[in-house]
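Subject: Handover of a structure

Dear colleague,

Please find the structure below, together with its sequence.

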Amino acid sequence: MENKRIQFPDGFWWGSAWSAEQAEGRGETGKAETIWERWFKEEPNRFYNRVSSEIATDHIHRYKEDVQLMKETGHNSFRVSISWARMFPDDGVGLVNPLAIEFYRSLFTEMNQNGIAVFANLYHFDMPAALQDQGGWESREVVEAYVRFAKTCFEEFGDLVSQWFTFNEPLGPILGTYLECFHYPNIVDFKRGAQAAFNTIFAHARAIEEFKKLGLSSKIGVILNLSPTYPRSQHPADVEAAEIADQFYTRSFLDPMVLGHFPKKLVALLKEHDQLPVYSASDLEIIQNNTAQLLGLNYYEPRRVKARLTSINPAGPFLPDWFFEPYIMPGRKMNHYRGWEIYERGIYELCMDIKDNYGNIESFISENGMGVADEERFMDENGYVEDDYRIEYIQNHLAFVWKAIEEGANIKGYHLWTFIDCWSWINAYKNRYGLVSLNLATQERTIKKSGEMYKKMSDENGFEFDLSQLY
C-alpha cells in the first residue's frame with residue numbers, strides 16, 4: 001500500500017452531465033417532435049421495456065429540486081443540453097419559443113445562484129424529426145438551421161453560460177445511423193454517413209464562427225467520445241489495423257474540430273474506396289479557421305483490435321470493419337452489465353495524447369461512468385444504494401486523471417455520467433449511472449453512497465488513494 005492524498009488544482013470542475021432528451025421530459029412549453037419520439041411511435045419494441053422519453057427524469061418540472069441535489073452531491077459545474085426541438089417547436093425552424101427561453105433562463109439562473117457553472121451543449125442526438133425528413137446532417141439547409149439555433153442560444157443565454165459546446169459525441173449518430181443501425185432512421189450507407197459527418201464538422205465550425213462575433217467571455221468547444229486504440233500485438237498487421245481503426249473512430253472528428261484539418265491517411269483511404277463526401281475549398285477554410293477552444297473527453301473503455309482473420313463480402317456495405325476486427329483481450333476487467341472493458345489507465349493515455357498531439361488544449365473529462373443493470377436490486381426501502389463499485393470506478397479513473405495533470409496535461413475537471421439516473425435512448429432505464437437514484441413510479445430522488453462520496457471529494461478537492469495502483 002502506498003496511500004497518498006491526491007489533490008487536484010484549485011478551481012477543478014467537479015460535476016456531471018446529461019442531455020435534454022434524456023432528462024427533461026416533454027413538458028408543456030411546446031416542443032417539436034424529435035427523432036426519438038418519432039422512432040418510439042414507429043417501433044416501440046426497439047426500446048427497453050417500451051419506455052419512451054416523454055417523462056424521463058421530469059427535470060423540466062423539478063429543476064429547482066435538482067439544482068439543490070447538485071449542491072448536495074458536490075457539483076460546482078454541470079453540463080446540460082439545450083433542446084433544439086423545444087427552442088424551435090415549429091419543426092426546428094420558424095419562431096423561437098419564448099417559453100423555452102423562460103425555462104432555460106430560469107434553470108441557468110438557479111444554477112448560477114447556487115454556485116454551479118452552466119456548461120451548455122447545443123446538440124445531443126435530438127434532431128427535430130421534420131429536419132431529419134429533410135436529410136438531417138446530410139443537408140446543408142439543416143446545417144444552417146442548426147447555426148441559427150446556436151446563434152439564438154448564444155444571444156439568449158450568453159450571460160448565464162460558463163462554457164459552450166457545439167456537439168456531444170458527433171461520431172455517435174454517424175455510427176448509429178449509417179453504419180450500425182442503432183440510431184433513427186437506421187440507414188446503412190457509409191458514403192452518406194461521410195457526408196453527414198463532414199456537414200456536422202462544418203456545422204461545428206459555423207457555430208464557432210457565429211459565437212466569435214458576439215464577444216462573449218465564455219469559451220466554446222466540443223465533446224468527443226474517445227478511446228485509445230491498442231493493437232493485439234506489435235505484429236505489423238495488427239499495428240496497421242489499430243492505426244486504421246484509430247483514424248476512423250478517434251482522428252476523424254478530433255483532428256478537424258481541434259486542429260482544423262482532416263487526417264491525411266483517412267482521406268486517402270476514403271478516396272481509394274470512393275467514399276469521400278462532397279465539399280468545397282471554402283468549407284475547408286471555415287473549418288480551419290474555427291476550431292474548438294475547449295475539449296470535452298468522454299471515456300468509458302479502450303478499443304482493442306487485430307488484423308482481420310476473415311475476408312470481407314465484397315457485395316456488402318463498405319464499413320471500417322473491412323480493415324480490422326475487435327480483439328478480446330484475455331483477462332480483461334469488465335463491467336459485465338454493459339459489456340465494456342474497464343481499463344482505467346486508458347483515461348491517462350487519452351489525456352496524454354491530447355497533451356502531446358493537440359496543443360495541450362484546455363480539456364476536461366466530460367463523461368466517465370459505470371452503468372449497472374437493475375440497480376434497483378441494491379436499493380433499500382428508502383431508495384438508498386450502497387454503490388461501492390461505482391465509488392471504486394470513479395476514484396480509480398480520477399487517480400489516472402491526476403497522474404496526467406501531474407505530468408502536464410491541461411485537464412480542468414471531471415464530469416461523471418450522470419447526475420440522476422436518466423433515460424438512456426433505446427436502453428431506457430436498463431442501466432443506472434447516477435449519483436442519485438430515481439424511483440420511476442414516484443420520481444423520488446435519493447442520493448446514493450457515491451453521491452455522498454462525490455460531495456466529500458469535491459469539498460476536499462481530492463481523496464486518499466493507493467498510488468501503487470497507478471504503476
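Among contacts in the chain between residues at least 6 apart in sequence, what percentage join residues at least 24 apart? The share is 79%, where contact means heavy atoms within 4.5 Å.

Before the details, a note on the basis of these values. This is a predicted model, in which local features need pLDDT of at least 70, side-chain atom pairs count only at pLDDT 80 or more, and totals for chains, interfaces and linings use all residues. Residues are numbered from 1 along each chain as its sequence is written, and side-chain values use heavy atoms, with hydrogens and water left out.

Overall form

The chain has 471 residues, for which a compact globule would have a radius of gyration near 23 Å; the value for the chain is 21 Å, which agrees. That radius is taken over C-alpha atoms, and the globule rule is 2.2 Å times the number of residues to the power 0.38. Along its principal axes, the C-alpha trace spans about 60 × 60 × 45 Å. Of the 471 residues, 61% count as buried (buried means under 20% relative accessible area, exposed over 50%, partly exposed in between, with a 1.4 Å probe and protein chains only). The accessible surface comes to about 18200 Å², and carbon and sulfur atoms account for 50% of it (Shrake-Rupley method, 1.4 Å probe; for residues, only the protein chains shown count as cover).

The barrel

The chain contains 15 helices and 19 strands; these are DSSP runs numbered from the N terminus, with helices being H or I of at least four residues and strands E of at least two. Eight strands form a closed barrel in the order β2-β3-β4-β5-β6-β8-β13-β15, with parallel pairing. Neighbouring strands of this sheet are turned by 30° against each other on average, direction ignored. Strands count as paired if DSSP finds at least two bridges between them. Strand β2 (residues 13–17) pairs with strand β15 (residues 411–416) in the parallel sense over four bridges, and Ser16 stands opposite Leu416 in β15.

Helices

Helix α9 (residues 190–213) lies across β5 (163–168) and β6 (219–225), and runs at about 165° to β5. Axes are lines fitted to C-alpha atoms, for helices over the stretch in contact, and angles run from 0 to 180 degrees between N-to-C directions.

The axes of α14 (residues 388–406) and α15 (residues 449–460) come within 8 Å and cross at roughly 30°. On the α14 side, the residues making this contact are Asp388, Arg390, Ile391, Ile394, Gln395 and Leu398, and on the α15 side they are Lys449, Ser450, Met453, Tyr454 and Met457.

Backbone details

Two cis peptide bonds may be of interest. One runs from Tyr184 to Pro185, with omega near 10°, and Pro185 is placed in the loop between α8 (171–179) and α9. Another joins Trp417 and Thr418, with omega about 10°; Thr418 lies in the loop between β15 and β16 (431–432).

Asn49 has phi near 55° and is found in the loop between α2 (35–42) and α3 (59–72). Asn49 counts as exposed because its relative accessibility is 60%. Asp374 has a positive phi of about 50° and is placed in the loop between β14 (372–373) and α14. With a relative accessible area of 38%, Asp374 is partly exposed.

Yours sincerely
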